[in-house]
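The sequence and the coordinates are shown first.

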Amino acid sequence: MYILCLAMLFLAGCSSPLTGQEHNGKLAIQAAPQARMTYVAIGASDTYGTGSKNPRTESWPAVLSRMLAHNGDGKMQEQSLGQNTVRLINLGIPGMDAHDALGVELPVAIDAHPNLITVWLAVNDLVDNVPPSSYAQDLEHLLQDLQTKLPHVRIVIANVPDLTLLPRFNSTDTTQLARSVASYNAVIQSVVDRHHVVLIDLFQAWQELTSHPEFISDDGFHPSAAGYARLAQLFYQGMKQHRII
């Protein structure tokens with residue numbers, strides 16, 4: 001309950017003008033200028049943009065939304081309020097796990113009536129030793145609700161990168177960590193196959209960290225601004241490949 005209260009306060013205090021509070025205290029999506037696409041990002045600190053200097057503009061969902069609006073060009077540009085804009089609602093909350101996201105992020109995502117949803121929720125669960133079976137139930141619940149209440153939404157899910165490549169885990173048992181990552185990714189693949197959504201295979205794509213240490217921030221765990229830019233490219237390329245954008 002404590003983490004849920006903190007998360008609700010975080011969303012209320014850090015939201016853009018797209019989110020707000022109703023008189024009953026619940027989060028609500030306010031009216032926004034008409035846009036070609038509404039994109040909701042469900043996730044934790046690595047969706048919020050922790051590790052960058054300016055998460056609002058440097059998180060991978062922010063970069064991805066600009067790429068979607070400008071046909072793959074993720075550079076900072078002033079977007080008009082016309083039909084070519086992409087309305088981004090970044091629900092990433094540091095510390096969030098999949099179970100808590102069901103009560104905090106999922107209702108907001110549904111209320112936004114998006115065209116596109118990305119889900120990157122797994123690393124906190126894994127680090128916190130949540131059993132893969134419990135995580136699987138939460139991810140199943142999340143997708144079931146999204147697809148039932150938003151039958152036409154396009155959903156993209158990312159799996160767990162190879163955490164053994166991150167400096168933060170240099171002193172841990174990397175063999176056991178690799179097993180945990182494999183278990184979680186097997187669960188994610190199973191749920192993806194069952195719900196026919198798009199998988200972005202960060203485990204394979206993020207192997208390039210070995211030759212790009214600049215993709216990781218000084219904390220040895222979260223991506224840097226350069227890393228987030230690369231993640232946005234990987235999501236964009238995956239969505240193009242699967243022809244959902």
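## Overview

Helices (H or I, at least four residues) and strands (E, at least two) are DSSP runs, numbered from the N terminus. On that basis the chain, a predicted model, has ten helices and seven strands.

Of the 245 residues in the protein chain, 49% are buried. Among contacts between residues at least 6 apart in sequence, 73% join residues at least 24 apart.

## Packing of helix 5 and helix 7

Two packed helices are described by the angle between their axes and the distance between the axes. For helix 5 (residues 98-111) and helix 7 (residues 132-149), the axes come within 10 Å and cross at roughly 10°. Angles under 35 degrees count as roughly parallel, and helix 5 and helix 7 are therefore roughly parallel to each other.

Helix 5 contributes Ala98, His99, Leu102, Leu106, Ala109 and Ile110 to the contact, while helix 7 contributes Tyr135, Asp138, His141, Leu142, Asp145, Leu146 and Lys149. By class, the residues of this contact are eight nonpolar, two polar and three charged.

In soluble globular proteins, nonpolar side chains tend to be buried together. The largest nonpolar core here holds 75 residues, and the members that touch the most others are Ile42 and Leu146. Helix 5 supplies the largest share of this core, with eight residues.

What does isoleucine 42 contact, leaving aside its neighbours within four places in sequence? Its partners are Thr47, Leu91, Glu105, Ala109, Ile117, Thr118, Val119, Trp120, Leu121, Leu142 and Leu146. Among them, Ala109 of helix 5 and both Leu142 and Leu146 of helix 7 also take part in the contact between those helices.

## Aromatic pairs

Five aromatic pairs are found in the whole structure. In one of them, the ring centres of tyrosine 135 and tyrosine 184 are 4.8 Å apart and the planes are at 35°, so the pair is tilted. Tyrosine 135 belongs to helix 7 and tyrosine 184 to helix 8 (residues 174-195), so the pair ties together parts that are 49 residues apart in sequence. Both tyrosine 135 and tyrosine 184 are buried.

Phenylalanine 169 and phenylalanine 221 have ring centres 5.9 Å apart and planes at 70°, so this pair is edge-to-face. Phenylalanine 169 lies in the loop between strand 6 (154-158) and helix 8, and phenylalanine 221 in the loop between helix 9 (202-205) and helix 10 (225-241), 52 residues apart. Phenylalanine 169 is buried, as is phenylalanine 221. Elsewhere, ring pairs link Trp60, Trp120 and Phe235 into a cluster; Trp120 is also one of the contacts of isoleucine 42.

## Positive phi values

Most residues other than glycine have a negative phi. Asparagine 129 has a positive phi, near 65°, and sits in the loop between helix 6 (123-127) and helix 7. With 65% relative accessibility, asparagine 129 counts as exposed, because the cut-off for exposed is over 50%.

Histidine 196 also has a positive phi, near 55°. Histidine 196 is placed in the loop between helix 8 and strand 7 (198-200). Is histidine 196 buried or exposed? At 72% relative accessibility, histidine 196 counts as exposed.

How values were computed: Residues numbered from 1 in each chain as written. Predicted model: local features only at pLDDT ≥ 70, side-chain atom pairs only at ≥ 80, totals over all residues. Heavy atoms only, no water. Axes fitted to C-alpha atoms, helices over the stretch in contact; angles between N-to-C directions. Parallel < 35°, antiparallel > 145°, perpendicular 65-115°, else oblique. Contact = heavy atoms within 4.5 Å. Nonpolar A, V, L, I, M, F, W, Y, C, P; charged D, E, K, R; others polar. Core = buried A, V, L, I, M, F, W, Y, C linked by side-chain atoms within 4.5 Å. Buried < 20%, exposed > 50% of the residue type's maximum accessible area, 1.4 Å probe, protein only. Phe/Tyr/Trp six-rings, centres within 6.5 Å; stacked < 30°, edge-to-face > 60°.
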